[in-house]
Each structure stands twice: as C-alpha cells, then as structure tokens.
Amino acid sequence: MSVHKSDVKKVTTHQLQNMKERGEKISMLTAYDYSMATILDAAGVDVLLVGDSASNVMAGHETTLPITLDQMIYHASSVVRGVNRAFVVVDLPFGSYQGNSSEALRSTIRIMKESGAHGIKLEGGAEIKESIVRILSAGVPVMGHLGLTPQSIYKFGTYTVRAKEEAEAQKLIDDALLLQELGCFSIVLEKIPSELAKRVAEKLQIPIIGIGAGPHVDGQVLVVHDMLGINKEFKPRFLRRYADLHTIMTDAVQNYVKDVKSKDFPNEKEAY
Ligand code: KIV
C-alpha cells in the first residue's frame with residue numbers, strides 16, 4: 001500500500017520521457033536546501049538536482065571533489081522535504097562510485113534510503129559501466145553526465161568546452177549510446193558544442209539535458225545560485241541571469257545594519 005501525501009501530480013521518469021516525445025522542454029535547476037526547494041518546486045521546475053556543486057556554492061570549495069556522501073545526503077533530505085511535484089536527482093559524490101560497483105550501489109542505497117530522493121546522477125561513460133548496471137539492477141533511476149565532468153577537473157586541467165575534437169566527440173556519442181542501452185533515464189551534457197549536443201539529442205530516445213550545450217537538447221539545467229545572480233563572479237557565456245539577488249540582498253542587509261545602528265529597528269510596533 002502506498003500513502004499519498006498530496007494530490008499534486010508528481011514528475012516521474014515516465015513523464016520526462018513523454019515530454020521528450022512530445023517536444024516539451026524539461027526545466028531543471030540545482031537545489032541544496034529546504035527553503036529554496038519549496039520555491040523552485042512551487043514555481044514549476046520539473047527536476048531538482050542536488051548537485052555536488054553544493055561543494056562550490058554552499059561550502060566555498062574550489063572544486064566538487066571535497067563534498068562527502070554524508071553531506072550530499074544532508075542536502076538531499078532537506079530538498080526532498082521541500083518538494084511536492086519535482087523529480088529529485090542527487091549527485092553521487094567523487095569517490096563514492098568510481099572503480100567499485102559494490103561501493104556505488106552502497107552509496108546509492110544510502111542516498112535513496114536516508115534522503116528519500118527519486119534518482120541519482122553520476123559522471124562518466126564506459127569506465128563506470130559496472131557501477132551503472134549494479135545501481136539500475138536495484139531499481140534506482142540513473143541520470144548520466146558527459147562532456148565537462150567537474151569531478152575529473154584535474155584530468156582536464158581547465159573548465160573549457162569539451163569534445164571539440166572528433167575523437168572526443170565520437171567517444172561522447174558512444175558513451176551516450178551506452179548509457180541509454182544500459183537503461184539510464186536521461187543524460188546531462190555539460191559545456192560541449194551545440195552541434196554535437198544536437199546530434200546526441202536526435203540520436204537518442206531518452207531526454208538529453210544541457211548546460212552550456214546549446215538549444216537543441218530536450219531540457220536545460222543551471223546552478224540556481226548562478227541564474228539568480230547570488231554569485232557575481234561566475235560569468236560563463238551559457239549563463240543567463242534571471243535576477244540580481246546579490247545586489248538585492250546586499251541592499252537589504254546594509255539597510256538592516258543601518259537601522260540597527262541608528263536605533264530605528266526595532267520600533268514600538270515591532271516590540272512586545
Ligand atoms: O553539480 C551540478 O550542479 C551539476 C550541474 C552542473 C549539471 O552537475
């Protein structure tokens with residue numbers, strides 16, 4: 001027996017597949033905490049990604065490598081509590097799945113049990129085939145991630161556009177086909193040429209979500225702090241800023257400081 005907590009129609013992998021088939025673009029954003037998740041979910045975002053970019057935007061690390069499985073579970077469970085409709089995907093953090101499929105399955109089961117998320121994402125293609133097979137055999141939806149894969153940043157050396165050369169482009173296409181064949185429900189393509197992303201989205205039946213991969217894919221994902229303009233320094237060409245929260249928040253906090261210093265806050269109506 002299942003217990004339904006709300007009447008809202010939840011997004012499922014099946015619905016995401018239908019969206020691709022009828023040409024409806026999929027919207028996806030990152031989320032790391034309860035309050036933000038409630039806003040994004042109520043605003044109609046289809047997929048919330050508890051990205052390991054939490055390592056950068058929440059914890060201030062330079063890369064995604066330091067974040068731990070426990071920390072990802074903490075972020076994921078906070079997001080799940082804020083969601084009624086969206087499909088919640090959680091990144092398996094660096095070191096929790098590469099090279100050992102038993103560990104990959106253990107990490108996934110911890111995420112699913114302890115956070116209540118709906119699926120996981122991991123970076124890579126043929127190299128992590130065994131881990132993907134093992135996770136899928138446990139009935140957990142898996143999203144792939146190809147192109148610029150930030151957990152391999154020390155191998156790449158830079159965050160520049162990937163797969164510009166034919167050999168790397170061909171490997172990306174082969175990996176995408178493999179991920180689909182294994183049973184992944186979707187793939188994120190990060191920072192690759194638009195034409196290559198288009199080829200992949202046309203060749204594959206499963207939804208392809210892009211970040212810096214141009215308009216010819218089945219959906220888009222952005223880091224929420226970047227698109228809301230909380231983070232001022234990060235300005236890649238693919239980023240569209242929908243708000244300038246950095247300025248709005250700075251003004252608000254400066255006004256608060258001014259009001260406290262001048263004894264304007266709290267006034268009589270704001271006291272008991
Ligand atoms: O961790 C993350 O935010 C991601 C997105 C960039 C796709 O993986």
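Me: In this predicted model, which residues of helix 8 are buried?
Reply: Ala-169, Leu-172, Ile-173, Asp-175, Ala-176, Leu-178, Leu-179 and Gln-180 are the buried residues of helix 8. Buried stands for a relative accessible area under 20%.

Me: What do the buried residues of helix 8 pack against?
Reply: They pack against helix 6, strand 5 (142–147), strand 6 and helix 9. Packing here rests on contact, that is, heavy atoms within 4.5 Å.

Me: How do you know what span is expected of helix 8?
Reply: The expected span is 1.5 Å times one less than the number of residues. Helix 8 has 17 residues, and for these 24 Å is expected. From first C-alpha to last, helix 8 reaches 24 Å, so the span is close to the expected one.

Me: What follows helix 8?
Reply: Gly-183 follows, with a positive phi near 120 degrees.

Me: What is the phi of Ala-163, and where does this residue sit?
Reply: Phi is near 60 degrees, a positive value in a residue other than glycine. Ala-163 is in the loop between helix 7 (153–156) and helix 8 (166–182).

Me: Why is Ala-163 called buried?
Reply: The cut-off is under 20% relative accessible area. Ala-163 has 4%, so it counts as buried.

Me: What is the phi of Lys-191?
Reply: Lys-191 is not a glycine, yet its phi is positive, at about 45 degrees. Its place is in the loop between strand 6 and helix 9 (194–203).

Me: Which residues does UniProt list for "binding site"?
Reply: The unreviewed UniProt entry lists Asp-52, Asp-91 and Glu-123. They are spread over 72 residues of sequence but cluster in space, with a largest C-alpha distance of 10.9 Å. From this set, Asp-52 and Asp-91 belong to the lining of the largest pocket.

Me: Why is Asp-52 called buried?
Reply: Its relative accessible area is 5%, and buried means under 20%. Asp-52 therefore qualifies as buried. This residue lies in the loop between strand 2 (47–50) and helix 3.

Me: What makes Glu-123 count as buried?
Reply: Glu-123 has 7% relative accessibility, so with the limit at under 20% the residue is buried. Glu-123 lies in the loop between strand 4 (119–121) and helix 6 (129–137).

Me: Which residues are in contact with Asp-52 and with Glu-123, leaving aside neighbours within four places in sequence?
Reply: For Asp-52 they are Thr-64, Ile-67, Met-72, Asp-91, Glu-123 and Gln-151. For Glu-123 they include Asp-52, Tyr-97, His-145 and Gln-151.

Me: Which peptide bond is cis, with omega near -5 degrees?
Reply: The bond from Phe-265 to Pro-266 is cis. Pro-266 is found in the segment after helix 11 (245–261).

Technical notes. Residues numbered from 1 in each chain as written. Predicted model: local features only at pLDDT ≥ 70, side-chain atom pairs only at ≥ 80, totals over all residues. Heavy atoms only, no water. Helix = DSSP H or I, 4+ residues; strand = E, 2+ residues; numbered from the N terminus. Buried < 20%, exposed > 50% of the residue type's maximum accessible area, 1.4 Å probe, protein only. UniProt positions renumbered as here; feature names shortened; annotations may be inferred. 1 Å grid on protein atoms, 1.4 Å probe; cavity = no way out; pocket = protein on both sides within 12 Å on 5 of 7 lines; lining within 4 Å.
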